[in-house]
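Thanks for coming. I have one structure to go through today, and I will keep to what can be read from it.

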Amino acid sequence: MIRHLRSFVLCLIVIAACAATHGLRAQTQAVQVDPSTLYSGYTQPQYKDVTMQSLYVTMRDGVKIAIDVVLPKELPANAKLPTVIRFTRYHRSEEGAGANGYEKFFASYGYACVSVDARGTGASFGLWPIP
């Protein structure tokens, strides 16, 4: 049993190393996309940069919940955007890290991204009830 477990763990390590090596190679090579290979509904990103703001939202019971709001830069003041919301109990962001990859991607196509620390986790106040 232990020998099989060791083989399994070794296999996972080899797979992870191969994936990491492939990821490093993919990052260093510039990818050129042939426009003829794109699907018919493809559109170019509308916005080049994003703005990020960290806020507290006060719940009905007075508990303050920490959120990050990522919006396309130079957005008109009265613009209404579709929104992607991500709730997590594992810290929505790191101090000074800025917007992450998926937030930048969605914002470049005109979406707002809101990341929320669940009640009692990260920078949010309140208690996280453990079931």
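Predicted model: local features only at pLDDT ≥ 70, side-chain atom pairs only at ≥ 80, totals over all residues.

Helix α2 runs over residues 101–108, and its buried residues are E103, A107 and S108. Where do these buried residues sit when seen down the axis of α2? They fall within an arc of 130°, so they line one face of the helix. As a reminder, an α-helix has 3.6 residues a turn, so residues three or four places apart point the same way. What does the buried side of α2 pack against? Its buried residues pack against β1, β2, which covers 64–72, and β4. Just after the helix, G110 takes a positive phi of about 90°.

Now the aromatics. A search of the whole structure gives five aromatic pairs. One of them is Y56 with F125, a tilted pair at 5.7 Å centre to centre and 45° between the planes. That pair links distant parts of the chain: Y56 is in strand β1, F125 is in the segment after β4, and they are 69 residues apart. Both are partly exposed, Y56 with a relative accessible area of 45% and F125 with 48%.

Another pair is F106 with Y111, which is edge-to-face, at 5.6 Å centre to centre and 65° between the planes. F106 counts as partly exposed at 27% relative accessibility, and Y111 is partly exposed as well, at 31%. These two residues also belong to one aromatic cluster, made up of Y102, F105, F106, Y109 and Y111.

Next, the charged pairs. How many salt bridges are there? The count comes to two. In one, K73 pairs with D49, and the closest N and O atoms are 3.6 Å apart. K73 lies in the loop between β2 and β3, and D49 in the loop between α1 and β1, so the pair ties together parts that are 24 residues apart in sequence. K73 is partly exposed, with a relative accessible area of 37%, and D49 is partly exposed at 42%.

In the other, D61 pairs with R119, with the closest N and O atoms 2.9 Å apart. Here D61 is in the loop between β1 and β2, while R119 is in the segment after β4, so this bridge ties together parts that are 58 residues apart in sequence. D61 counts as exposed, at 52% relative accessibility, because the cut-off for exposed is over 50%. R119 is partly exposed, with a relative accessible area of 29%.

The segment after β4 also holds T121. Is T121 buried or exposed? T121 is buried, with a relative accessible area of 9%. Leaving aside neighbours within four places in sequence, T121 is in contact with T88, R89 and W128.

Last, the surface. L38, Y39 and Y42 form a nonpolar patch there, with about 300 Å² of accessible area together. L38 itself is in the loop between α1, residues 2–28, and β1, residues 50–58. L38 is partly exposed, with a relative accessible area of 31%.

To recap, α2 has its buried residues along one face, and the two salt bridges are K73 with D49 and D61 with R119. I am happy to take questions.

Key. Residues numbered from 1 in each chain as written. Heavy atoms only, no water. Patch = residues over 30% accessible without salt bridge, like charges linked within 9 Å, V, L, I, M, F, W, Y side chains within 5 Å. Areas by Shrake-Rupley, 256 points an atom, 1.4 Å probe, with all protein chains shown as cover. Salt bridge = Lys/Arg side-chain N within 4 Å of Asp/Glu carboxyl O. Helix = DSSP H or I, 4+ residues; strand = E, 2+ residues; numbered from the N terminus. Buried < 20%, exposed > 50% of the residue type's maximum accessible area, 1.4 Å probe, protein only. Phe/Tyr/Trp six-rings, centres within 6.5 Å; stacked < 30°, edge-to-face > 60°. Arc of directions from axis to C-beta. Contact = heavy atoms within 4.5 Å.
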